[in-house]
Amino acid sequence: MRIVSGIQPTGNLHLGNYLGAIRNWVAMQDEWSAKGGECFYFLADLHAISMPHDPKALGENTREMTAALVACGIDPDKSTLFNQAQVPAHAELQWLLNGTARVGWLNRMTQWKDKAGKNRDGQSVALFTYPVLQAADVLIYQATHVPVGEDQKQHLELARDIAQKFNNDFCAEGAPLFTLPEPIIPPAAARIMSLRDGTNKMSKSDPSDMSRINLTDDADAIMGKIKKAKSDADALPSEAEGLEGRPEARNLVGIYAAMSGQSVAQILADFGGKGFGAFKPALGELLVEQLAPINARFNELRQDREALNAILRKGAEKARAASAPTLAATYDALGL
Ligand code: ADP
Ligand code: NA
């Protein structure tokens, strides 16, 4: 059993990234390694060049994301943690699979249609063939399972189609080269909203730093931001329905629920009838308590370039070794 999953390297990481993405990876690592499975986690830096990008920022963001993953609990000894660019088998296998993937299949990808819009001719070839690289990312490790959100289901289907056609066209009957990976649907992640309005997504691109809790924020910053978070003058309701039409209140209670593991109903049973003067300090303390160890480790690691490079180097070595047999067999099957 082997899970393979990638994440785009981004900087300025915040509570939304933690609760919506990184925390799921940590949970999967712990769940799968307990069952004797393996996790291959990669920073998708090769994917990043499909869009206009700043080379200096890409390298920095790759290290920043690595630091965050490790600080949040990804253990480089338990999981294979690496960046794609250091494992040439990803790009090599993509080229080999380009012989099998059909243009019509890629033309049907809704993400391509959405991202390219009316200007298809102006897009990079990489944006068009991105799903073939995604197929290579998982097939090269013979992944048995791939976590996919709603927007990635079609790409995993494509990876399975490519694998099946390759097995069919180039492998002896009963001796397929590629494993067809099964999707696993991660538990619904919390969607965290801006602290300024409760309706826009918490995002690194929001110009106001007060709109988000950064993973670099210390206890004072966290308490200050929660204190100033937009709320209303009413007391909290004692039932979840009472949060309807109160986006700021719903967001703050949602953050409390995601951080504490308690249900909204439990939280409202405790805080219903109390105002934000009572709820905000409790939420701030909860965030500080849970984020302080992550924050300390993150701030230390992100400044230790050597340590981060060593983590990625070691992960890439493991990934190169794991990918070599499949790559060799693919060349062989194609008569190369
Ligand atoms: P941003 O919106 O800050 O630019 P990204 O688009 O780089 O964040 O997202 C990186 C990952 O973090 C994605 O998996 C995304 O789903 C998750 N994520 C980002 N913002 C949030 C949020 N506010 N709530 C939940 N998950 C989020
Ligand atoms: Na974004």
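Student: Which residues does the domain assignment of the chain give to domain 1 and to domain 2?

Tutor: Domain 1 takes 2-190 + 305-333, and domain 2 takes 217-301. Such bounds come from an automatic or database domain assignment. The model is predicted: local features need pLDDT of at least 70, side-chain atom pairs count only at pLDDT 80 or more, and totals for chains, interfaces and linings use all residues. Residues are numbered from 1 along each chain as its sequence is written, while chains are lettered from A and ligands numbered from 1 in the order in which they are written.

Student: What makes residues of domain 1 count as in contact with domain 2?

Tutor: Their C-beta atoms, placed from the backbone, must lie within 7 Å. Nine residues of domain 1 are in contact with six residues of domain 2.

Student: Why is strand 2 called mostly covered?

Tutor: A residue is buried if 20 or more other C-beta atoms lie within 10 Å of its own, exposed if 12 or fewer, and partly exposed in between, with C-beta atoms placed from the backbone. Five of the six residues of strand 2 (residues 38-43) are buried, so the strand is mostly covered. A strand here is a DSSP run of E, at least two residues, numbered from the N terminus.

Student: How do you know that strand 1 and strand 2 pair?

Tutor: Pairing needs at least two bridges found by DSSP. Six bridges join strand 1 (residues 2-7) to strand 2, therefore they pair, and they run parallel. Arginine 2 stands opposite glutamate 38 in strand 2.

Student: What makes strand 2 and strand 3 a pair?

Tutor: Strand 2 and strand 3 (residues 80-83) have four bridges, so they pair, in the parallel sense. Leucine 43 stands opposite asparagine 83 in strand 3.

How values were computed: Two residues are in contact if their C-beta atoms, placed from the backbone, lie within 7 Å.
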